[in-house]
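Subject: Model handover

Hello,

Here is the model for you to open alongside this note. My findings follow below it.

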Amino acid sequence: MWTLQTSQTIHPHQLSLSFRVSSHSTGPTSVTFQPSSTTNHNPLIQSLCKRGHLKQALQLLPHEPNPTQHTYELLILSCADRNSLSDALSVHRNLIDDDFDQDPFLATKLINMYSQLDCIEHARQVFDKILSKTIYVWNAIFHALTLAGDGEEVLRLYRRMNRVGIPSDRFTYTYVLKACVTSESLIWLLRKGKEIHAHILRHGYESHVHIMTTLVDMYARLGCVSNASYVFNAMPMRNVVSWSAMIACFTKNGKPLQALELFSQMMLETRDMLPNSVTMVSVLQACASLAALEQGKLIHAYILRRGLDSILPVISALVTMYARCGDLELGQRVFNQMKKRDVISWNSMISSYGIHGFGIKAIEVFQEMVSTGVSPSPISFVSVLGACSHSGLVEEGKFLFQSMIKDHGITPTVEHIACMVDLLGRANQLDEAAEIIQDMRMEPGPKVWGSLLGSCRIHGNVELAERASKRLFELEPTNAGNYVLLADIYAEAGMWNEVKRVKKLIEDKGLQKVSGCSLIEVNRKIYSLTSVDELNPQIEQIHALLLKLSSEMKAKGYIPQTKVVLYDLDSEEKERIILGHSEKLAVVFGLINNSKGEKIRITKNLRLCEDCHSFTKMVSRFVDREIIVRDINRIHHFKDGVCSCADYW
């Protein structure tokens, strides 16, 4: 502990002061002002800064006629460490008075300090006023602007730097590449990113592992998986960050199988390079995407062996993984064993109950989080409102939405509005859902209009569906799913001419409907089944058993719901089409290959159709097997002819 003891009053006219610094084993170290004839106070100011006595150092600064560059460097660093803007401005004023305002070294330190203090406007003023801009000054402003989220300004300044002939270094490339992912103007930024990539190659930086890893990450964040793979595969050297970046690229861009394959390759090829917590989070997310429970358990065992089970993001990812693989009980067990929980951990548990359809339990966990003193984040409310939507808890959802605004001071985002529209729409309160959209102060966006269109499909509201789809076609002109959903609504209403019109729109625009695909894990291997897949060696056996089950279940009351077929065909042909849906093929594949009594776990890339839902319910009772199907919206537990969603999804 340091204390300041003043031996006499300090007056502004007193020009010469000295300090006596003493340390006693039995008491605190004291810093005492004493008159002195010496005028060099730089060493003492520097010593005070290093020991955390910024106020005393600033008190002494006016009495030093010749402060050095190093003195100002330590003062600037101390202001950043103490997070004090007022002291920072004071140091900056003194620095200008002492004619250091054109010192490039100190300008760099000032820019970094203001960036750390979240004062980007002051950082920019320092940059603009310095005449001799070294590469370090440029890098400092690039870093500051990137952290502030102004990637477009970074790239504009980078062009200016190139025009004046300042050569880039490894830090420059890292900052400008990161700037390419800090804006929503993806097409423009991707073009700039590719230009920077070419610049890197021209100047011989392709062997620099840190730059190339940042390049992989840039392409990954912009959704350019093939570009990221090309860079990664061409890297002469890779470190754990490189591998993690590529695994995360596959996971976040809908390629979880490739993520797990690359992780296996990493474990085989780099025995001296252990994956870190970032790697494990991406791998767990890949397992969650595939509902690969057995592989997830193996990863969990590895995490325990490596001692990574104390890292909060890893444990939160474990909770989510188990829940999304259909084993909510294991997810809850991991959550219960956590010694420390942050808001992300709580959010994982809330959303887990939500996707399983346990809305009341999700609300209870949310309330428990608040009662323990953890402040809910905007994502907390997205999770709990989503849980209310899946369970039809309309009044509870409305209360939570109001509480978010009044009690927690969170301004609703597009995601929150989309949840409320979904909540009201599913409950057939479509007029109220439309009013919420009408009252929005921001552009509703695809999420909100998509929620409304999905609700219109459930309740067959053609008029509102046409209104929602019109906006969606403007906002997402290449999203075939919106057109298909509208065609589905028309088909259910028997409006076949309108169905043909929408199909022609799809054809004219050259859009491709996303094909249904179901994944299933058998003996720790992931199998993919599609309605047109004839390459599966068991496909004939699958179709034979499927026909047999369908015939036997019809005799027991199963009625195929052919309304989901968007073609004006006879009922027999429609039945043939729906019998080939990928989730039905996956169910039968699981019956053939899984052990008797073992749960069948399936992941579907689209929403489960009504016929597959009723078919799977009956199969679960007919063959006495528990079947878990996760579609794009939620998880369905089928057992004894009943689904956990209570037919509300």
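Start with aspartate 624, which counts as exposed because its relative accessibility is 60%. For that scale, buried means under 20% relative accessible area, exposed over 50%, and partly exposed in between, with a 1.4 Å probe and protein chains only. Aspartate 624 also has a positive phi of about 55°, although it is not a glycine. Most residues other than glycine have a negative phi. Aspartate 624 sits in the loop between helix H32 (610-622) and E7. Helices (H or I, at least four residues) and strands (E, at least two) are DSSP runs, numbered from the N terminus.

A word on the basis. This is a predicted model, in which local features need pLDDT of at least 70 and side-chain atom pairs count only at pLDDT 80 or more, while totals for chains, interfaces and linings use all residues. Residues are numbered from 1 along each chain as its sequence is written, and side-chain values use heavy atoms, with hydrogens and water left out.

pLDDT is the predictor's confidence in each residue, from 0 to 100. The protein averages 88, and 92% of the residues score at least 70. Residues 1-37 stay under 50. Where pLDDT is low, the predicted coordinates should not be read in detail.

Back to H32. It is mostly covered, with 11 of its 13 residues buried. Among them are Cys612, Phe615, Met618 and Val619. The 13 residues of H32 should span 18 Å at 1.5 Å a residue, and its end C-alpha atoms are 18 Å apart, which agrees. The expected span is 1.5 Å times one less than the number of residues.

Aspartate 640 has a value near 55° and lies in the loop between strand E8 (635-639) and E9. Aspartate 640 counts as partly exposed because its relative accessibility is 46%.

Now the sheet. It is open, has 6 strands in the order E5-E4-E6-E7-E8-E9, and its pairing is mixed. Two strands pair if DSSP finds at least two bridges between them. E5 (525-530) and E9 (642-643) stand at the edges with a single partner strand each, so one side of each has no neighbour in the sheet.

Helix H15 (residues 277-290) packs on the sheet and touches E4, E5, E6 and strand E7 (627-630). Contact means heavy atoms within 4.5 Å. The direction of H15 makes about 115° with that of E7. Helix H31 (residues 582-593) lies across E4, E5, E6 and E7, running at about 15° to E4. Axes are lines fitted to C-alpha atoms, for helices over the stretch in contact, and angles run from 0 to 180 degrees between N-to-C directions.

Look at E4 next. 6 of its 6 residues are buried. Cys517, Leu519 and Glu521 point one way, and Ser518, Ile520 and Val522 the other way. E4 is antiparallel to E5 over 6 bridges and to E6 over 3 bridges. Leucine 519 stands opposite serine 528 in E5, and its bridge partner in E6 is threonine 603.

Last, the cores. A nonpolar core is a set of buried Ala, Val, Leu, Ile, Met, Phe, Trp, Tyr and Cys residues joined through side-chain atoms within 4.5 Å. The largest has 169 residues, and Leu75, Ile111, Met113, Phe142, Ile196 and Leu452 touch the most other members. Helix H17 (residues 312-324) gives the most to this core, with 9 residues. A second, separate core of 32 residues includes Leu579, Phe589, Ile602 and Cys645.

Best wishes
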